[in-house]
Amino acid sequence: MTILCVRFQLPPMYEAALPGLLGLLEEFTPVVQVLPPDGALADLRGAERYFGRTAVELASVIRVRALALHGVDCVIGAGPGPMLARMALREARPGLTRAVAEDEVREFLAGQPVVALPGVGTRTARTLCEYGLDSLGRVAAAPLSTLQRLVGARAGRELHEKANGVDRGRVVPDAVSRSLATERPFTRDELDPGRHRRALLSAAEELGARLRALDQVCRGLTLTVRYADRSATTRTRTLPEPTAHSPALTRAAYGLYEALGLQRARVRAVVLRAEGLDPAEQASHQLTFDPVDEKVRRIEEVADRVRAKFGPHAVIPGTLAA
């Protein structure tokens with residue numbers, strides 16, 4: 001067990017603490033990959049040898065330091081690879097690291113539903129379940145040729161390998177400072193797609209306002225949908241051009257949401273993260289002669305000035321779209 005998947009239990013709008021929390025992980029290893037909006041992967045292969053402790057023991061130290069220095073608890077999953085660590089995280093609880101040892105991988109995976117496997121969406125899971133392949137144990141036992149006929153050659157091979165515990169993923173270090181996130185939790189598990197979309201609209205409006213206040217643009221957008229069973233789905237899309245324009249961010253957010261194909265999903269929260277931030281003055285934009293777009297941008301500028309004067313929740317009548 002050399003990979004940790006850590007999710008910090010950050011209160012809403014407490015994102016500013018994340019860089020400091022990630023710094024705790026970097027005290028043990030430089031190989032840390034951010035998992036927006038509140039998690040990270042850490043490769044502890046070198047740390048285990050250097051400190052003479054196992055990854056689970058180091059996880060306990062990280063948890064204690066996060067509580068002592070930042071007042072933030074965390075849940076941690078540990079496994080031989082990133083995929084298994086992320087799956088172990090779903091069964092972790094505060095104060096207890098869920099660890100999957102190498103000799104436990106097949107047993108751990110066998111009882112998991114196919115949708116628990118990272119990269120398997122609702123559409124693929126539905127197709128597999130129609131043929132009785134509703135658990136990873138059954139998928140692992142199925143012939144490779146059968147899986148390839150059902151989901152495609154490449155996807156079938158990847159699915160077969162992952163279901164059999166082959167984890168080819170690696171931890172890729174990145175920087176949290178080049179992103180900006182906002183979360184919209186629901187007061188209860190929400191089934192209504194209309195409310196999901198309104199939450200996305202609100203989140204995109206806030207992201208756009210924050211980006212413009214910082215004179216920055218983003219090159220990509222990541223949507224994380226958290227469900228009632230503590231699982232989550234994350235999708236990322238590269239934008240046609242760098243932007244801080246709220247309608248453009250909203251369109252991208254809606255596109256990511258529609259691509260998930262959710263049906264009667266009990267959603268606990270949605271998180272939008274603007275990725276690849278750059279100074280607005282360095283961004284190039286496609287010229288437009290659309291008078292409607294120009295009008296929207298001018299209204300956006302006025303709305304930003306109103307928010308700057310009266311606070312972030314100030315709203316100009318008629319500026320929000322459903």
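Ala 141 counts as exposed, with a relative accessibility of 64%, where exposed means over 50% relative accessible area, buried under 20% and partly exposed in between (1.4 Å probe, protein chains only). Ala 141 is found in helix α7 (residues 136-141), helices being DSSP runs of H or I with at least four residues and strands runs of E with at least two, both numbered from the N terminus. The C-alpha atom of Ala 141 is separated by 8.4 Å from that of Asn 164, which is 23 residues apart from Ala 141 along the chain. The model is predicted, so that local features need pLDDT of at least 70 and side-chain atom pairs count only at pLDDT 80 or more, while totals for chains, interfaces and linings use all residues. Residues are numbered from 1 along each chain as its sequence is written, and side-chain values use heavy atoms, with hydrogens and water left out.

Arg 230, in the loop between β7 (216-227) and β8 (232-243), also counts as exposed, at 51% relative accessibility. Its C-alpha atom lies 6.8 Å from that of Arg 90, although the two residues are 140 apart in sequence. When neighbours within four places in sequence are left aside, Arg 230 is in contact (heavy atoms within 4.5 Å) with Arg 7 and Arg 93.

The axes of helix α1 (residues 18-26) and helix α3 (residues 55-70) come within 10 Å and cross at roughly 145 degrees; axes are lines fitted to C-alpha atoms, for helices over the stretch in contact, and angles run from 0 to 180 degrees between N-to-C directions. On the α1 side Gly 20, Leu 21, Leu 24 and Leu 25 meet Ile 62, Arg 65, Ala 66, Leu 69 and His 70 of α3.

Two aromatic pairs are counted, for which ring centres of Phe, Tyr and Trp (its six-membered ring) must lie within 6.5 Å, with planes under 30 degrees apart counted as stacked, over 60 as edge-to-face and the rest as tilted. Phe 28 and Phe 51 form a tilted pair, 5.5 Å centre to centre with 55 degrees between the planes. Because Phe 28 lies in the loop between α1 and β2 (32-35) and Phe 51 in helix α2 (residues 45-51), this pair ties together parts that are 23 residues apart in sequence. Phe 28 is buried, at 11% relative accessible area, whereas Phe 51 is partly exposed, at 36%. Tyr 50 and Phe 51 form an edge-to-face pair, 5.0 Å centre to centre with 85 degrees between the planes, and Tyr 50 is exposed, at 69%.
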